[in-house]
Amino acid sequence: MMKRKVLVVDDNPKNLQVIAALLSQNNYAVEVALNGKSAIKWLSNTDFDAVLLDVMMPELNGFETCEIIKRSPEHTNLPIIFLTARHDIESITEGFEKGGVDYITKPFNHQELLVRLDTHIELKQSREKLVDVNKWLTSEVEKKTMELQEANEQLLQLDKAKSDFLNSISHELRTPLNGIVGSINLLKALKHEEHTEEILSLLYSSVSNLEKYSYAALQISSLQLKGDASLKLQPTNILPIVHSLVDRIMAKSEKEELEFCFNADREELVVNVDYTFIQNALNSLFECSLTFTAKGKIEVEICSQGEESKIIIKDTGSLYEGQELNHFFKSISNQNHQFLRNNAIELYLAKTIILLHKGSIEFKNKEDGSGTITTIKLPTIKSYEYVD
């Protein structure tokens, strides 16, 4: 244990010698001063646990010395014990008024001095511990308050996102449902079968859209709830995934005036992904391009730049409207409730999946206004055993 440090101040060298010897024998570290000025100088450079201060000294007496010491903020809690032959009530009162914590008259009992000194040092240390605990508690309260504020802000954001999402889903589901109900009513009203095939095609399209929106809504809800805990990441060659999706979209398309192109600058490009989710994200993006591109060309390019893998989708379809093309990065709000590319649910689903993979996604219109460009970036890995 560290020795407690005491400063003894007395203009009588013999008194200093007696007190210093007593304290040293009882495991105190002792420094001495012959006058008030020396004591003040000591205290300006050294930390002490207590001061034993004689009252009757030349130039600065003990009361004056104590008053000067107590003006310093760092000595507010320093216990100063007066040692003096004066024991009148006025002197004792003055000692306490000047900042002393105790008053021991000479000649003093050695054991009494040690007990009082030990008590006041213990009180000082307890006060310091209490201050430290209060500071720690204040810090913890501030930290917890900030955490609660952040959590509350996140809850508010999630609540808004949920509200926007439900509004959007309500609209997206209502549209195909209206198509289904309307088609059924038309079938009931028909007396001839001349329009049956057309109406059945409309029914099939509405049901397909309803299934697509429902599936996307469930995926988005699950991902928002579980976050990246939903993912089962493993090194995967992305090229076969993209190639098979492009082939599927080409086979699915009935648009005769639409051309598809696929280009890659390498035969394999490995990224750390959840196979199913990344396939769903890319499929959603391809589906969106197909939906909003009536004719022209859909091009898919794959390349690698440094530590990033890029998948670029270019089409000649309808443009994004407004100045802020990436508004769905914040939520899936559908303010105008129109069939615009900006609020397609496929884009929001793809965005959610890509960001969970620590990647990025950018949507923009071509500078010449002939279509749009979607750029997906995913971290590339070099050493791997991948899933083909």
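Which residue in β12 does Asn 365 stand opposite? Asn 365 stands opposite Thr 372.

## Basis of the model

This is a predicted model, in which local features need pLDDT of at least 70 and side-chain atom pairs count only at pLDDT 80 or more, while totals for chains, interfaces and linings use all residues. Residues are numbered from 1 along each chain as its sequence is written, and side-chain values use heavy atoms, with hydrogens and water left out.

## The chain overall

The chain contains nine helices and 12 strands; helices (H or I, at least four residues) and strands (E, at least two) are DSSP runs, numbered from the N terminus. Of its 388 residues, 41% count as buried. Buried means under 20% relative accessible area, exposed over 50%, and partly exposed in between (1.4 Å probe, protein chains only).

Among contacts with a separation of 6 or more, 69% come from residues 24 or more positions apart; contact means heavy atoms within 4.5 Å.

## The five-stranded sheet

Five strands form an open sheet in the order β7-β9-β10-β12-β11, with mixed pairing. Its edge strands, β7 (258-264) and β11 (360-365), each pair on one side only. From one strand to the next, the twist averages 10°. Two strands pair if DSSP finds at least two bridges between them. Strands β11 and β12 (residues 372-379) run antiparallel and are joined by six bridges.

Helix α8 (residues 275-292) lies across β7, β9 (296-305), β10 (308-315), β11 and β12, and runs at about 20° to β10. Helix α9 (residues 345-356) packs on the sheet and touches β11 and β12, its direction making about 145° with that of β11. Axes are lines fitted to C-alpha atoms, for helices over the stretch in contact, and angles run from 0 to 180 degrees between N-to-C directions.

Helix α9 includes Thr 352. This residue is buried, with a relative accessible area of 10%. The side chain of Thr 352 reaches the backbone oxygen of Tyr 348 at 2.9 Å. A polar contact is a pair of N or O atoms within 3.5 Å; within protein, one must be able to donate a hydrogen and the other to accept it, and residues adjacent in sequence count only if both atoms are side-chain atoms.

## Strands β1 and β2

Five of the six residues of strand β1 (residues 4-9) are buried, so the strand is mostly covered. Over six bridges, β1 pairs in the parallel sense with strand β2 (residues 28-33). Leu 7 stands opposite Glu 31 in β2.

In helix α3 (residues 62-70), the buried residues are Gly 62, Phe 63, Thr 65, Cys 66 and Ile 69. They cover an arc of only 160° around the axis, which puts them on the same side of α3; the arc is that of the directions from the helix axis to the C-beta atoms. Their cover includes α2 (36-45), β3 (50-54), β4 (80-84), α4 (89-97) and β5 (102-105). At the start of α3, a side-chain oxygen of Asn 61 comes to within 3.0 Å of the backbone nitrogen of Phe 63.

Ala 85 sits in the loop between β4 and α4. With a relative accessible area of 53%, Ala 85 is exposed. Its C-alpha atom is separated by 7.1 Å from that of Pro 107, 22 residues apart along the chain.
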